Amino acid sequence: MALGIFKELMEAKPKRRVVTENGDTGEDLVLATLIGNGDDVGPLVRHAFEMGRPEPLVHQLKNVARKKEAEIEDLCKTHYEEFIVAVDELRGVLVDAEELKSDLASDNFRLQEVGSALLVKLEELLESYAVKKNVTEAIKMSKICVQALELCVKCNNYVSEGQFYHALKTMDLIERNYLKLIPLKVLKLVIERRIPVIKSHIEKKVCSQFTEWLAHIRSSSKNIGQTAIGLVASARQREEEMLERQRKAEEQNTGGLGELVYTLDVEDVEQDSVLKFDLTPLYRAYHIHTILGVPERFRDYYYSNRKMQLDSDLQVSYGQPFVESYQTFLAQIAGYFIVEDRVIRTAGDFLLADQVDTMWETAIAQIVTVLENQFARMDSPTHLLLVKDYVTLLGTTLRQYGYEVGPILDALDKSRDKYHELLLEECRKQIVTAISDDTYQQMVIKKEADYENNVLSFNLQTSDIMPAFTYIAPFSSMVPDVCRIIRSYIKGSVDYLSYGVNTNFFSVMRKYLDKILIDVLNEVILETISNNAIGVSQAMQIAANISFLEKASDYFLRHAAQLCGIPSRSVEKPQASLAAKVVLKTSRDAAYLALLNVVNTKLDEFMKLPENVNWTTEEMPQGPHEYINEVVIYLETVMSTAHQILPMEALYKVGVGAVEHISNSIVSAFLSDSVKRFNANAVSAINHDLRVIENFADERYHSSGLNEIYKEGSFKSYLVEARQLITLLSSSQPENFMNPVIRERNYNTLDYKKVATICEKFKDSPDGIFGSLSNRNTKLTAKKKSMDMLKKRLKEFN
């Protein structure tokens with residue numbers, strides 16, 4: 001390393017030339033050069049000691065010292081004279097220096113005198129600069145403090161005026177721009193301590209105002225809900241009016257009155273523009289809590305309070321009938337969720353959809369429970385319908401706001417049978433009253449308006465031509481009264497079924513329409529028919545009434561279809577008719593049967609053949625019995641009345657039933673146990689009676705026009721069994737009955753067992769008043785023989 005250092009020193013340019021002697025080593029020369037140049041020889045010394053060889057270096061240093069001393073001596077010898085001259089010059093310079101020193105002292109004194117004053121001024125100037133700097137800094141600090149205090153005053157004013165948003169923005173400005181710059185620690189500390197207090201005060205104040213708003217919005221929810229439901233009700237009313245006008249237009253077009261063009265001007269009003277309620281307190285409170293950095297706390301506060309309000313709103317007061325409080329109850333809930341919908345749509349992310357859904361699920365479950373409980377307690381269809389109608393309006397209203405109302409409509413659908421049971425029971429009472437109050441006399445209609453209300457309204461007219469007034473209807477007052485009851489039932493049923501779960505509810509309506517016609521109307525009619533106190537005129541009028549009710553069933557079906565929005569043509573097909581029409585037809589037949597029973601009972605009272613006929617008379621009858629006149633008069637009355645009231649089909653059935661009963665009565669009289677025997681005179685008398693009935697039946701058959709409708713079977717044909725029996729008993733050859741050909745041609749309706757029984761009772765004797773007449777006696781003898789032969793043959797046949 002020493003060689004490296006020496007090499008560097010040798011490469012360095014020497015500052016002055018060094019004279020070397022012979023015999024100098026290179027190391028001495030380098031060392032002398034370094035010392036001569038004033039370079040630091042410390043590294044060499046340190047290196048020598050580190051190497052453990054300081055002696056050579058000391059020796060070299062001594063050599064260098066000796067050489068330097070020699071050089072000095074040489075230099076002094078060479079410049080001795082010059083040195084003496086220089087010393088002399090220095091002495092002269094010393095004198096000048098003394099003079100200069102004196103001058104300098106004088107100048108210094110004068111300078112000190114002048115400088116002292118200036119120094120004082122300088123010190124004063126520096127002090128002024130310091131004061132100015134402090135004053136400037138103080139002014140700057142004061143401005144900051146003044147601005148901060150002004151903002152504090154402004155913030156206090158905002159707080160006192162309730163402008164909390166501006167107050168918070170001012171505090172935020174103080175915190176962000178001034179608080180760190182305030183130089184006064186006391187002021188800064190006061191402001192730092194007051195800011196949280198003011199924020200807490202603002203939060204409490206805002207919460208207090210918001211709580212007042214919560215109470216206000218709850219009290220307003222009922223009006224909000226009622227208004228919204230009222231708008232839906234108005235829209236529904238306009239829709240129903242439009243459909244009604246359309247239906248009437250279609251009917252007029254169908255009637256050939258030309259096309260009726262109409263326009264329906266409906267003013268669509270946005271509900272949000274009508275349902276005005278202020279959410280500003282909510283927005284303000286939420287915004288302020290957001291600025292305060294606690295939006296979640298306010299969300300939780302709002303949600304929990306609204307849930308408590310909802311729980312309270314869902315409680316039903318049992319101290320008041322539900323039919324009096326249901327509108328308030330439902331309107332309150334509607335208003336509540338309309339407010340929530342507005343909040344979720346306008347308040348950003350303040351309220352989550354899941355939260356509203358949770359509240360709605362709670363509400364809908366409670367509503368369904370309340371409705372089911374209340375419906376189960378109701379005993380009036382009117383009350384149930386009122387509640388149902390308002391509930392459907394509630395459902396329609398809330399569906400517009402996106403709420404799922406299916407469970408509510410399902411609850412209404414479940415109460416459908418309960419409603420119709422109540423409605424049926426109410427209609428049953430009305431129908432029973434209408435039928436029991438009926439006089440069973442044909443309605444007398446004196447005015448066209450009454451004709452339209454009682455006949456045309458239910459399609460009960462028998463002709464398309466307007467009749468002359470006074471008009472006597474073929475039915476009694478019971479028919480239009482019952483039709484009005486059924487029509488109101490249809491309206492009530494459709495009102496309940498409308499706006500429910502099933503949009504196409506006509507099939508359900510058909511079922512309930514059949515139910516009232518079959519289970520109510522038909523049963524009441526059958527109960528009336530089965531009443532033993534019913535008379536002929538009542539039975540006849542009931543039968544006529546049933547015919548018109550059967551006809552009105554088509555009107556009921558069309559009316560139900562119209563109310564359900566079903567085209568009339570779809571229900572005018574035969575296969576689309578009501579099942580009740582067939583049932584009413586059966587009941588009509590039952591009424592005919594009851595009428596015939598009454599008529600036949602009365603005929604039996606008149607005839608009483610076993611008592612009124614002398615079965616063993618010895619006198620030849622000259623004509624019919626007296627009772628037959630009463631029978632004919634009664635039949636004439638019955639047939640005339642039936643011709644006025646009953647349709648031709650019913651008239652035919654009454655006539656057929658009456659004459660057939662007379663025929664059966666005659667045959668039964670011969671078979672009666674009270675008739676032990678009879679003779680030819682009795683047969684002849686019955687023959688006279690039968691001819692009178694035959695003549696009446698034939699005359700009535702043709703005079704009533706039935707011969708043009710029922711050409712195959714006249715009234716007289718239903719007397720054939722009695723006629724064949726009388727013919728057989730009057731025949732001179734009764735044994736011909738056993739001839740199959742003759743029996744098939746002349747006695748095909750007679751049963752041989754009955755004939756055998758009757759023939760056993762036929763015992764005629766030639767003795768008597770006319771026994772002396774030989775011809776008659778001969779005939780009777782021959783007939784007796786023939787009859788005996790018939791009896792014998794019948795016994796053999798049996």
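The conversation below takes up the labels one after another and sets values against definitions.

Modeller: Before we start, please keep in mind that this is a predicted model, in which local features need pLDDT of at least 70 and side-chain atom pairs count only at pLDDT 80 or more, while totals for chains, interfaces and linings use all residues. Residues are numbered from 1 along each chain as its sequence is written, and side-chain values use heavy atoms, with hydrogens and water left out.

Colleague: How many helices and strands are there in the protein chain?

Modeller: The protein chain has 28 helices and 2 strands, where helices (H or I, at least four residues) and strands (E, at least two) are DSSP runs numbered from the N terminus.

Colleague: Why is tyrosine 336 called buried?

Modeller: Buried means under 20% relative accessible area, exposed means over 50%, and partly exposed is in between, with a 1.4 Å probe and protein chains only. Tyrosine 336 has a relative accessible area of 1%, so it counts as buried, and phenylalanine 337 is buried as well, at 0%. Buried residues make up 41% of the 798 residues in the protein chain.

Colleague: Why does threonine 601 count as partly exposed?

Modeller: Threonine 601, which is found in helix H20 (residues 579-607), has a relative accessibility of 43%, and therefore counts as partly exposed. The C-alpha atoms of threonine 601 and histidine 661 are separated by 9.7 Å, although these residues are 60 apart along the chain.

Colleague: Why is the pair of tyrosine 326 and tyrosine 390 called edge-to-face?

Modeller: Rings of Phe, Tyr and Trp (its six-membered ring) pair if their centres lie within 6.5 Å, and planes under 30 degrees apart count as stacked, over 60 as edge-to-face and the rest as tilted. A search of the whole structure finds 30 aromatic pairs. In the pair you ask about, the ring centres of tyrosine 326 and tyrosine 390 are 5.7 Å apart and the planes stand at 85°, so the pair is edge-to-face. This pair links distant parts of the chain, since tyrosine 326 lies in helix H11 (residues 322-346) and tyrosine 390 in helix H13 (residues 381-400), 64 residues apart. Tyrosine 326 and tyrosine 390 are both buried.

Colleague: What makes tyrosine 336 and phenylalanine 337 a pair, and of which kind?

Modeller: Their ring centres are 4.9 Å apart and their planes are at 70°, so this pair is edge-to-face.

Colleague: What joins the side chains of arginine 299 and tyrosine 286?

Modeller: A polar contact is a pair of N or O atoms within 3.5 Å; within protein, one must be able to donate a hydrogen and the other to accept it, and residues adjacent in sequence count only if both atoms are side-chain atoms. The side chains of arginine 299 and tyrosine 286 are joined by a polar contact of 2.8 Å. Arginine 299 lies in helix H10 (residues 295-313) and counts as buried because its relative accessibility is 14%. Tyr286 also belongs to an aromatic cluster, together with Phe210, Trp213, Phe298, Tyr301, Tyr302 and Phe350.

Colleague: What caps the N-terminal end of H24?

Modeller: Asparagine 679 does, with a side-chain oxygen that lies 3.2 Å from the backbone nitrogen of asparagine 681. Asparagine 679 lies in the loop between helix H23 (648-671) and H24, and at 4% relative accessibility it counts as buried. H24 is followed by glycine 705, whose phi is positive, near 80°.

Colleague: Which residues have the most contacts inside the largest nonpolar core?

Modeller: A nonpolar core is a set of buried Ala, Val, Leu, Ile, Met, Phe, Trp, Tyr and Cys residues joined through side-chain atoms within 4.5 Å. The largest nonpolar core has 206 residues, and those with the most contacts inside it are Ile202, Phe337, Trp615, Leu646 and Phe670. Helix H19 (residues 536-563) gives the largest share of this core, 15 residues. Apart from it lies another core of 8 residues, among them Leu31, Leu44, Ala48 and Leu57.

Colleague: What is the value of phi for tyrosine 440?

Modeller: Tyrosine 440 has a positive phi of about 55° although it is not a glycine. Tyrosine 440 is found in the loop between helix H15 (416-436) and strand E1 (444-445), and its relative accessible area of 11% is why it is called buried.
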